[in-house]
Amino acid sequence: MNLTDKIVKLKQEKKAVILAHNYQRPEIQDIADYIGDSIELSRKAMQEKEAEIIVFCAVDFMAESAAILNPTKKVLLPTLGARCPMAQMLTDEEIKRAKTQHPNAPVVLYVNTLASAKAQCDVCCTSANAVEVINSFDAETILFGPDRNLAEYVAEKTGKTLIPIPEYGFCPTHLLFQPEDVTVLKLQHPNAVVMVHPECSSEMRRVADFVGSTSKMCRYASESKAKEFIVGTEEGILHRLRKENPDKKFYVAYGDAVCPNMKLTTLDRLYASLKEEKYVVKVPENTARKARKSLERMFQVKA
Ligand code: SF4
């Protein structure tokens with residue numbers, strides 16, 4: 001029996017469901033029950049009735065969110081070191097300091113934050129619904145973290161003032177994309193449509209035909225009449241895009257745009273995780289209760 005078959009067998013025996021983020025390795029995406037971005041996977045985790053174990057192939061904050069939303073289920077993160085560096089950039093002290101300086105501003109935090117940060121905000125958002133979440137407030141000035149590029153993009157879209165916390169939080173992987181690379185690719189593929197994630201810089205957004213989350217990129221590529229796409233986000237998404245659109249061509253805007261944390265999950269580690277039921281994600285109840293409210297408020301916003 002090969003490793004894939006062993007994982008499938010173990011998954012059935014243990015009543016486990018495997019969720020994989022769009023940036024995971026192709027073989028992890030192929031074995032997963034569901035693939036998606038953070039909001040799609042959070043919804044799946046909430047709707048999952050049968051499974052007793054959720055194996056979350058992604059990074060720490062996503063598995064934490066699944067544990068917060070599913071307090072009765074065992075949530076496993078296959079690799080302990082799979083941490084999102086952007087989420088680590090926003091400390092509890094930073095949030096407290098910003099709240100003291102802007103006591104009347106609501107706090108909206110990207111889901112790419114640790115549970116203790118989520119517990120301190122009014123509502124969470126993802127890159128797929130950030131514009132709608134910000135528009136759900138009457139306030140014109142809002143504290144927003146930790147991604148400064150996403151804050152800038154949402155401010156452009158909503159006309160509101162978003163104060164970034166921390167001052168410059170960023171995704172190291174999306175920072176790698178540069179407009180010059182798109183220019184070169186456009187010379188080779190003049191008809192290609194450029195899709196870019198809002199975590200990219202404003203310079204990248206300016207050369208894009210479409211700006212959106214990974215779930216929105218997948219929808220856009222499927223519905224578009226275009227046959228070629230230059231993609232400005234982590235390269236793992238190309239596996240899903242190519243599978244869903246076999247008649248279309250996709251080129252990553254920068255070949256080395258790899259999130260090392262997302263790639264820590266391998267089939268071997270997934271197997272070990274299921275077999276030994278490790279690493280169980282636990283969030284202290286008091287923190288989980290407050291963070292759950294922030295996530296639930298996000299789900300109430302129509303996007
Ligand atoms: S791609 Fe960026 S935001 Fe996403 S997990 Fe990796 S470092 Fe974090």
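**Sheet and helix packing**

Modeller: Val-196 has Val-211, in S10, as its bridge partner. This is a predicted model, where local features need pLDDT of at least 70 and side-chain atom pairs count only at pLDDT 80 or more, while totals for chains, interfaces and linings use all residues. Residues are numbered from 1 along each chain as its sequence is written, and side-chain values use heavy atoms, with hydrogens and water left out.

Biologist: How many bridges join S9 to S10?

Modeller: Two bridges link S9 (residues 193-196) with S10, and the strands run parallel. Strands are DSSP runs of E with at least two residues, helices are runs of H or I with at least four, and both are numbered from the N terminus. Two strands pair if DSSP finds at least two bridges between them.

Biologist: And in what order do the strands of the open sheet come?

Modeller: The order is S10-S9-S11-S12, four strands with parallel pairing. S10 (210-211) and S12 (249-252) are the edge strands, each pairing on one side only. H13 packs on this sheet and touches S9, S11 (228-232) and S12, with its direction at about 170° to that of S12. Axes are lines fitted to C-alpha atoms, for helices over the stretch in contact, and angles run from 0 to 180 degrees between N-to-C directions. Contact means heavy atoms within 4.5 Å.

Biologist: Nice. At what angle do H12 and H13 cross?

Modeller: Roughly 25°, and the axes of H12 (residues 214-223) and H13 (residues 237-244) come within 10 Å. H12 and H13 are therefore roughly parallel, a term for angles under 35 degrees. Thr-214, Met-217, Cys-218, Ala-221 and Ser-222 of H12 make the contact with Ile-237, Arg-240, Leu-241 and Glu-244 of H13.

Biologist: Switching topic, which residues of H14 are buried?

Modeller: In H14 (residues 267-276), Leu-267, Leu-270, Ala-272, Ser-273 and Leu-274 are buried, meaning under 20% relative accessible area with a 1.4 Å probe, protein chains only. Their cover includes H1 (3-13), S1 (16-21), H2 (26-31), S3 (53-57) and S4 (74-76).

Biologist: How far apart are the axes of H1 and H14?

Modeller: They are 10 Å apart, and the helices pack at an angle of about 25°. That makes H1 roughly parallel to H14. On the H1 side, the residues that meet H14 include Leu-3, Ile-7 and Leu-10; among their H14 counterparts are Leu-267, Leu-270 and Leu-274.

Biologist: What phi does Glu-277 take?

Modeller: A positive one of about 50°, just after H14.

Technical notes:
Parallel < 35°, antiparallel > 145°, perpendicular 65-115°, else oblique. Buried < 20%, exposed > 50% of the residue type's maximum accessible area, 1.4 Å probe, protein only.
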